[in-house]
Amino acid sequence: MITTDILIIGAGPTGLFTVFEAGLLKLKCHLIDALPQPGGQCSEIYPKKPIYDIPAYPEILAGDLTHKLIEQSKQFEPGFTLGERAQTIDKQDDGTFIVTTNKGTKHHAKIVAIAGGLGSFEPRKPLIPNIADFEDKGVEYIIKEPEFYRDKKVVISGGGDSALDWAIFLSNIASEVTLIHRRNEFRGALDSVEKAQELKNLGKINIITPAEVKGILGTDKVTGVAVEKKGEDAFIIDTDHFIPLFGLSPKLGPIGDWGLEIEKNAIKVNNALDYQTNIPGIYAIGDVNTYPGKLKLILCGFHEATLMCQSAYKRIFPDKKYVMKYTTVGGVDGFDGTRKEAPKAVVKAIQ
């Protein structure tokens, strides 16, 4: 069983920043996320989209923000359970919690902080009658390990950043990559569209537009897909894998059954104090919560994480008095043995 001080459900920007704020208080964190990598929407849905309202950054790409938050939190050595969804929660007699994922991984924590953004993400699945029969048999909705596709034939369907970026990336791994989109125009970043066009010209990927995958062929595993292209007869493409990347749909998921007070698919909290839910010891921060005046902004999530950690410290150590020190004065001592501090002023008399 994994033990920690604060169990953070959701490894998006708010969850990652919580690790830093908790670390300043000497509290250890572990994060659970259904996605295969940290970053939430910023890394999975729009890594190349610019964000303009992060303090001190006139403009920063969502993916770059994720990398900086991970780098900032590394010194406090957070643990991660990725590719798993928080399924059940059991409150213990001593007020602590055991959270179990859909894959049976158990986590024991003194505090639970739900920072799940808009909830857990479920893939948007195309309306293909027999697609469920081939899930994990050649149909994948999320690419977890690119090397899995080494020397394989791959068909990717979609028109956004994720579809473009993976088609480009897998062009150097898979034996054949085909990108299918129902429109001629792609919605991804311009540099990705241009790179995909360049690879098409070089014969490294196939791009078929406007077209849609309408059927999947195979018995025990995928052997091909049926494609309909506008103005042409339907045809078959031989493939080992079909990867529809149509984005992710946010859902509160099993957390909605934990006895928390829910309002319009968000968790109600008391924003006047510390963003605690109706269950003592369980907090909700970031886009997943709601309260009067709530703004769904990353910078607001950072603020909520800071106050939540202060409250968590008081709950874990009710008899200790914490004296806040500015990092510019006290420095930052990482759990990895590193120390960051401002240079000390040199006092020297003038002769």
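Is helix H1 mostly covered or mostly open, and how many of its 12 residues are buried? That was my opening question today, and I put it to a predicted model.

**Entry 1, helix H1.** I went through the helix residue by residue and found H1 mostly covered, with 11 of its 12 residues buried. The buried ones are Pro-13, Thr-14, Gly-15, Leu-16, Phe-17, Thr-18, Val-19, Phe-20, Glu-21, Ala-22 and Gly-23.

Next I checked its length. H1 covers residues 13-24, and at 1.5 Å a residue these 12 residues should span 16 Å. I found the end C-alpha atoms 17 Å apart, which agrees.

I also looked at what follows the helix. Just after H1, Lys-26 has a positive phi of about 65°.

**Entry 2, the sheet.** In what order do the 4 strands of the open sheet lie? I read it as E12-E11-E10-E16, with parallel pairing. At the edges I found strand E12 (206-208) and strand E16 (241-244), each of which pairs on one side only. A reminder to myself: strands of a sheet pair through backbone hydrogen bonds.

How many bridges join strand E10 to strand E11? I noted 5, linking residues 153-157 of E10 with residues 176-180 of E11, and the two strands run parallel. Within this pair, Lys-153 stands opposite Glu-176 in E11.

Last, I asked which helix lies across E10 and E11. My note says H4, made of residues 161-170, and this helix runs at about 165° to E10.

How values were computed:
Residues are numbered from 1 along each chain as its sequence is written. This is a predicted model: local features need pLDDT of at least 70, side-chain atom pairs count only at pLDDT 80 or more; totals for chains, interfaces and linings use all residues. Side-chain values use heavy atoms; hydrogens and water are left out. Two strands pair if DSSP finds at least two bridges between them. Contact means heavy atoms within 4.5 Å. Axes are lines fitted to C-alpha atoms, for helices over the stretch in contact, and angles run from 0 to 180 degrees between N-to-C directions. The expected span of a helix is 1.5 Å times one less than its number of residues. Buried means under 20% relative accessible area, exposed over 50%, partly exposed in between (1.4 Å probe, protein chains only).
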